[in-house]
Amino acid sequence: MSLPIEDYALISDCHTGALVGKDGSIDWLCLPRYDSPSMFGALLGDEEHGRWLITPVDADARVSRGYTDHTFILATRWQTDTGEVEVLDFMPHGDHRADVVRRVRGIRGEVEMREELRVRFGYAAAIPWVRQIDEHGHPALVAIAGPDAIVRRGPRLKARGHLHEASYTVAEGETIDISITWFESHLHDPGPIDLDAAYRDTLAWWKKWASMYLHEGPYYEPVIRSLLMLRALTHEATGGIVAAATTSLPEQFGGPRNWDYRYVWLRDAALTLSAFLTHSYVSEAENWRNWLLRAIAGDPNDVQIMYGLAGERFLPERELTSLPGYQGAAPVRVGNAAVAQFQGDVIGEVMVALDEAREAGVKEDAFSWPLQRALMDFVEQHWHREDQGIWEMRGPKRVFTHSRVMMWVALDRAIHAVQEHGLPGPVERWQALRDKIRTEIEERGFDKERNSYVQSYGSKAVDASLLQLPQVGYCEADDPRMLGTVAAIEHDLMHNGLLMRYRFNDETHVDAFPPGEHPFLACSFWLVEQYARSGRLDDARRLMDRLVALTNDVGMLSEEYDANTGRHAGNTPQALSHLALVQAADWIARMSGEQAPGGQQGEQQETRV
């Protein structure tokens with residue numbers, strides 16, 4: 001059975017990533033992209049669905065682990081009665097290949113290790129044909145099925161049924177290098193790599209990237225690790241930013257709330273761009289801006305809320321029978337039916353991100369502003385539509401207040417582009433529609449009796465997404481209406497000190513699925529930001545400290561957290577959780593007088609976060 005979600009650590013080459021368990025098993029790996037079919041799928045089943053285990057023979061070995069400096073080189077160290085050994089797991093960066101390296105190093109004494117390799121291509125649907133070869137006097141194993149092939153290099157393996165295994169003793173000062181290389185089965189094996197050079201280059205690249213972040217302070221480590229997580233989830237070749245590295249990790253243990261997050265949600269990617277810009281990672285922002293322009297090019301009426309890593313539009317949701325699900329949580333889904341939903345907030349988030357890119361000095365080109373003009377045409381035609389909202393409700397459409405606010409935001413940023421950047425556009429028409437939408441929101445999206453904005457028109461329920469109203473400039477954080485909304489959210493949505501997204505047992509029945517999910521981590525970070533912006537700094541710090549403590553031993557956050565059992569829930573690592581952490585830390589620093597709101601890092605090298 002797979003480990004608890006929080007017992008995994010990500011390694012990445014900025015094209016895909018592997019999840020490595022505390023037990024030394026790689027239980028999830030899709031090559032060559034995050035959204036490719038898995039070749040190790042034990043995360044959503046057991047060892048029979050594919051894994052790569054390297055661990056001491058001694059089952060009582062004591063384990064500790066951590067990333068090497070600010071990189072994605074994972075060092076797992078085991079101590080036994082006979083010695084100490086370390087395994088360095090990493091995916092070489094920048095070589096335009098798909099490799100995983102596992103370097104076993106003897107630290108003290110001697111440790112007997114065992115290795116088990118079970119390759120299962122195509123989401124565990126294909127057991128490959130495997131053959132052993134000699135490669136210039138060194139053993140190698142080649143596995144092929146359909147379009148996929150891998151070559152594993154290292155100590156010779158022995159076949160046992162449908163797995164291959166080996167054992168070897170590692171002595172102090174000794175290093176055993178083991179690697180897997182993926183390639184398309186109709187092509188030739190690209191050959192071995194220089195593992196020493198790959199280690200040095202990968203270490204140097206990650207350290208250089210992290211060194212651009214100059215802030216220091218009590219939240220330095222979780223912030224820099226979160227930025228690194230966001231970078232790892234950004235596909236280097238295309239600029240697309242996946243929402244998470246996994247599919248179908250359950251929001252409800254044992255239940256059906258299992259979704260595929262290995263795609264690019266415009267909303268999540270736009271917010272990630274904002275986090276990069278705030279910390280002067282402008283090239284990442286430019287790459288994503290260019291990805292966006294390619295992905296949504298064409299008729300604005302065809303804009304989707306999500307795309308594949310290269311901008312693919314066809315992402316049909318289907319259920320797999322080859323994987324039984326994480327600890328029995330079924331079904332396992334690939335693709336996501338939300339691709340066909342109308343979510344009215346998405347254009348607003350995109351326009352906010354592009355506005356921030358302009359402010360950071362990213363120049364408009366002959367294509368980018370006309371495309372934004374076309375998006376405004378879409379807003380003018382569709383602002384009044386009901387939608388499924390930010391949480392992708394699989395229930396009846398309705399007028400979600402947050403969605404309507406984001407339509408207001410889209411117009412607001414377009415107006416700003418005309419007035420502040422001299423770009424052409426019908427500003428008076430946009431202003432009139434912006435004012436009309438605000439009037440409607442204040443009349444129909446606000447409950448005077450509760451003194452609170454509501455989840456949707458005609459409802460008395462609240463929604464954690466309303467915490468974004470000050471974030472996007474719709475109102476001030478200390479506006480009496482916003483303070484009333486915060487009080488209602490605290491009353492209705494707080495569960496064990498953390499926020500739910502919305503209530504599942506209210507009269508509106510907004511969600512067609514049964515209740516059972518856990519507090520949504522990004523929402524609690526939004527509350528931290530709201531506390532800070534409205535002057536409740538002590539409350540902000542208390543909640544922030546608790547949330548930061550929920551990261552696992554290597555700084556990863558999933559989508560949700562089960563406060564009753566202390567377990568991570570949902571897909572991991574979750575981009576939205578990590579970027580919300582970064583923004584919350586920024587606002588605590590800003591409202592503490594340590595950082596100017598909205599400033600760029602070049603102006604804030606003395607900032608303390």
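Predicted model: local features only at pLDDT ≥ 70, side-chain atom pairs only at ≥ 80, totals over all residues.

Reader: Why is strand S3 described as largely enclosed by the rest of the structure?

Author: Buried means under 20% relative accessible area, exposed over 50%, and partly exposed in between (1.4 Å probe, protein chains only). In strand S3 (residues 25-30), 6 of the 6 residues are buried, so the strand is largely enclosed by the rest of the structure.

Reader: Which other strands pair with S3?

Author: Strand S2 (residues 17-21) runs antiparallel to S3 and is joined to S3 by 3 bridges; Leu19 has Trp28 as its bridge partner in S3. S2 and S3 form a hairpin with 3 residues between them, and Gly24 in the turn has a positive phi of about 85°. S3 also pairs with strand S4 (residues 38-40) in the antiparallel sense over 2 bridges, where Leu29 stands opposite Phe40. Strands here are DSSP runs (E, at least two residues) and helices are DSSP runs (H or I, at least four), numbered from the N terminus.

Reader: How do you know that S9 pairs with S5, and which residue stands opposite Leu53 in S9?

Author: S5 and strand S9 (residues 98-118) run antiparallel and are joined by 6 bridges, with Leu53 opposite Glu116. S9 also pairs with strand S8 (residues 83-90) in the antiparallel sense over 8 bridges, and Glu84 stands opposite Arg108 there. A further 8 bridges join S9 to strand S15 (residues 175-184), again antiparallel; the bridge partner of Val100 in S15 is Ile180. Strand S14 (residues 163-171) is likewise antiparallel to S9 over 8 bridges, and Glu115 stands opposite Ala166.

Reader: How are H12 and H14 oriented, and why?

Author: The axes of helix H12 (residues 521-533) and helix H14 (residues 575-591) come within 8 Å and cross at roughly 10°. Angles under 35 degrees count as roughly parallel, over 145 as roughly antiparallel, 65 to 115 as roughly perpendicular and the rest as oblique, so H12 is roughly parallel to H14. Axes are lines fitted to C-alpha atoms, for helices over the stretch in contact, and angles run from 0 to 180 degrees between N-to-C directions.

Reader: Is Phe253 buried, exposed or partly exposed, and what makes it so?

Author: Phe253 has a relative accessible area of 27%, so Phe253 is partly exposed. Phe253 lies in the loop between helix H3 (220-232) and strand S16 (264-265). Contact means heavy atoms within 4.5 Å; not counting residues up to four places away in sequence, Phe253 touches several residues, including Ile5, Tyr326 and His518.

Reader: What is the predictor's confidence in the chain?

Author: pLDDT is the predictor's confidence in each residue, from 0 to 100. The protein chain has a mean pLDDT of 93, and 95% of its residues reach 70 or more. Over residues 596-609, however, the pLDDT is below 50.

Notes:
Residues numbered from 1 in each chain as written. Heavy atoms only, no water. Pairing = 2+ DSSP bridges.
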